[in-house]
Amino acid sequence: MSSRRVVGGVALLVTALAGCAANSTDPGEAGKTAVRIQSEPTMIPYVNPAGVHGLRTEMISGFSRSPHMYVSYPVLADAPALNQRLRSDLNAAAKAYAARTVSKDKFPAPEYNVDWQLTAISPDVVGVRLRTGEYGGVRWANSTKTLWYDRSANRVYSSGQLINDLDLLAALVKQHVRRDPSVDPDAVLPNPQLFDSIAFNSRGDLVVEFDDYQVAPGSMGRVAAAIPKSEAEALLTPFGLRAREAVETMEHGAAPEIADPPLAGNPGGTGGGTAGGPQVQPRTKVNCAVAKCVALTFNDGPGHGTNRLLNALGTTRATFFIIGSAAAAQPDLVRRIHDRGHLVANHTWSHRDLTTLPENRVYEQLSRTQSIIKEITGADSRLVRAPYGAIDPDVVAVAKELGLSLIREDVDPDEWQDKDAATIADQVVRSVKRGSIVLLHDLRPTTVEAVPKIIRELTYQGYTLVTVPELYPQGKMVAGQTYDSGGVARVSLNGQPLP
């Protein structure tokens, strides 16, 4: 580990209530150096999603190129009301953000990012913690919201509905916050919107999380208070008691919220993947100096469209730039991509604009995804595509350190503009040239529908479809360098040709 990594890890430590909690302040992030403090009362355990039967992930990406937006949430096969609530709440929030955000000509662009964790899974109760970050060009504002699901009643509860007396809860929290002079106890009010993220630690203590700027300056980072189990007992509704029991009875050893990502090598996980379908057969290496080669690439998976896409590709090879957090939740699906002969590459852990992050966070976004790809497929990724194509010197330096080449594209049909499958296919076929790298997304149904026509038309025109490294002589690519296509010179960040 380089010296800057150690410094970056220490910088992640932030002060929280109820005993100096160490936690990450960014959505979708995990702490690194010196944060495994198992006794910290505000730490929330979470469930490894790879072992949850019938779980898949859904994404809401930008309604247009601006603002930058990526929203992820879990879908459970046996939780219809929870699925509907998550879908409706997150779609409404994303649309509201897009409507109120003006991003034209702004750099860096405003960004909206939501990811999730499971705070409980039992035959009786499910807990889902949503972490939202908004970037307005200067700083991130982070918030959390936790929903609880009663399986037997098919009913979703907000966090405030776990509590039978918000006035008493507010009074108890005030007692805790008075210990920290940076927190304003008068800001702690019996408001359900203030208490919208309530969970439990592994001992059964009640953990209340506050959004940035609600009760303290944003520089405080994560602000949370832990109410001891004995004090919180009288606060909980009957369902609140069941939710607490679900957390207390989770398997010990579940990773805490700020720990390293869960291992995904779960032989019994169901992740959404299936093993069937045509297998890509080994073939003689393609010499793209002679053949007319094109690389199809797919961003943002794995997700609900990935299996259909794999079937649509048939024996055609492609390159999949995956989201690490989605891969951790659906390892079987990633394994199927790899086993079908496709190349699995890095698209960060939670689809953050890397140019808005400090260098240690860039490292974490890329290295966590590298680890999960290796854990699932057994192979090292050598390629990364930065979300939104956003690259700066820090991103280049970290990519080089991790042995990653940076991939862009020269053909982008802009699927976000509600284009139908025929329009997407026609635009791709018209735009490609020898050595093109085509940017597509496996989460959009119209894109999946367009793939057979793209393959058919390009093959008819004499193109050979390959993975990205096959575009280059002997597959040799330089770590830390940016590649736009196989038909043009490699370029550095400032656009100058490399020697």
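Reader: What covers the buried residues of α3?

Author: The cover includes β7 (198–200), β8 (206–210), β9 (223–227) and α4 (229–232), where contact means heavy atoms within 4.5 Å. Helices (H or I, at least four residues) and strands (E, at least two) are DSSP runs, numbered from the N terminus. This is a predicted model, where local features need pLDDT of at least 70 and side-chain atom pairs count only at pLDDT 80 or more, while totals for chains, interfaces and linings use all residues. Residues are numbered from 1 along each chain as its sequence is written, and side-chain values use heavy atoms, with hydrogens and water left out.

Reader: Which residues of α3 are buried, and what puts them on the same side?

Author: They are Leu166, Leu169, Ala170, Leu172, Val173, His176 and Val177. They cover an arc of only 165° around the axis, so they sit on the same side of α3; the arc is taken from the directions from the helix axis to the C-beta atoms.

Reader: Why does Thr467 count as buried?

Author: Buried means under 20% relative accessible area (exposed is over 50%, partly exposed in between; 1.4 Å probe, protein chains only). Thr467 has 8% relative accessibility, so it counts as buried.

Reader: What makes Cys288 and Cys293 a disulfide?

Author: Their S to S distance is 2.1 Å, and a disulfide is a pair of cysteine sulfur atoms within 2.5 Å, so the pair qualifies. The link is left-handed, with -90° about the S-S bond.

Reader: Why is Cys293 called buried?

Author: Its relative accessible area is 1%, so Cys293 is buried.
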